[in-house]
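Please read each point with the structure open beside it.

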Amino acid sequence: MIVLGIETSCDETGIGLYDTKRGLLNHTLYSQTEMHSEYGGVVPELASRDHIRRVIPLIKQTLSASEHSLQDLAAIAYTQGPGLAGALLVGASIGSALGFALKIPTLGIHHLEGHLLSPLLSTPSPDFPFVALLVSGGHTQLMEVRGVGSYRLLGETLDDAAGEAFDKTAKLLGLGYPGGPALSKLAEKGKSGRFTLPRPMLHSGDLNFSFSGLKTAVLTLTKKNEVTQQTCADIALAFQDAAVDVLTEKSLAALKQTGLTQLIVAGGVGANRQLRNKLLKKVELAGATVFFPSLEFCTDNGAMIAFAGAMRLQMPDISNQLPGNSFTVKARWNLELLKAPNDP
Ligand code: KG4
Ligand code: ZN
């Protein structure tokens, strides 16, 4: 069974083709980063218009690169939310129209479920159950994952998401958009120990996070010090150290609290090298295993949506997913409210 995945929730157009027998056949991505960088952040209207331009050519490219045609598809999965409403509508309308025309099931997928399941696309991959650290531009959550559709929130950020904190801090340091990769690159040149930033909520006794104070602490440092290139690098390193410490310690606490021995890291911040290294070391010391999706599946992509769709389609009772003549998107959508397809 071949499933086409369409991801258009933000500023990346991603198309994936997943075969339940052969695995991932192909995936393609068009990133709008360059277009938005001029504005220092994503401009929703420009994002939607660009998705309209990209989706169909990318679907054609993805199909032909794996020598398949539309007629080979068994189902279409598209990101239904959360995300930018206009951008989501592009993938939802094209996906639903294709499904209707081809008379095949169409599934709306939760973007974060795509991220949560993305480590299963890489080898070695975890088995259920596991703890997931979801760290993207819009979300920072620790979830207990018992199976497809079985997600329990263990803790989350009370203010900024981790990726958002990286982006805002990068902006304060005069780096371009998106800030996360630029900030972590700059941090490589930083001198360790020159600045130390607080570790917010490290000892809060729960699994919640808070990142907005870190950004303010960075602002104070930039005002107190002459902002040379070296100072920026030192601040970037201090910020990254603090964010990575908190993410690591809370992940370890989540493993302890649930008694689980597998951690998966999903979302764009999962591409951060320092976070990967620290988690690898600390989680192993705790007698558990950490899994990361390969870098190409860390940030937004269509492969994870095709894969999540394929997982859901293999479960019983997909009657409510058959092609109809209407669809909706959900700009806000609580992951915990998702049900496994066979739940009552
Ligand atoms: O999951 P994602 O591609 O998009 C959503 O937010 O859904 O995550 C994007 C976020 C951005 O905030 C970006 O700055 C951050 O992930 N990011 C990083 C790195 N690569 C991407 N943050 C820190 N270090 C990185 N290497
Ligand atoms: Zn994402």
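1. I begin with Gly 137, where a backbone N or O atom lies 2.7 Å from an oxygen atom of ligand 1; such a pair is a polar contact, meaning two N or O atoms within 3.5 Å, while within protein one must be able to donate a hydrogen and the other to accept it, and residues adjacent in sequence count only if both atoms are side-chain atoms. Gly 180 likewise places a backbone N or O atom 3.1 Å from an oxygen atom of ligand 1, and an N or O atom in the side chain of Asn 272 is 3.0 Å from a nitrogen atom of the ligand.

2. Before going on, note that this is a predicted model, in which local features need pLDDT of at least 70 and side-chain atom pairs count only at pLDDT 80 or more, whereas totals for chains, interfaces and linings use all residues. Residues are numbered from 1 along each chain as its sequence is written, chains are lettered from A and ligands numbered from 1 in the order in which they are written, and side-chain values use heavy atoms, with hydrogens and water left out.

3. The shell around ligand 1 holds 18 residues, each with a heavy atom within 4 Å of it. By class, 4 of these are nonpolar, 12 polar and 2 charged, where Ala, Val, Leu, Ile, Met, Phe, Trp, Tyr, Cys and Pro count as nonpolar, Asp, Glu, Lys and Arg as charged, and the others, Gly among them, as polar.

4. His 111 and His 115 both belong to helix α4, 4 residues apart, or about one turn of the helix, helices being DSSP runs of H or I with at least four residues and strands runs of E with at least two, numbered from the N terminus.

5. Two cis peptide bonds deserve a look: one joins Phe 128 and Pro 129, with omega about 0 degrees, and another joins Tyr 177 and Pro 178, with omega about -5 degrees. Pro 129 sits in the loop between α4 and β6 (130-135), and Pro 178 in the loop between α5 and α6.
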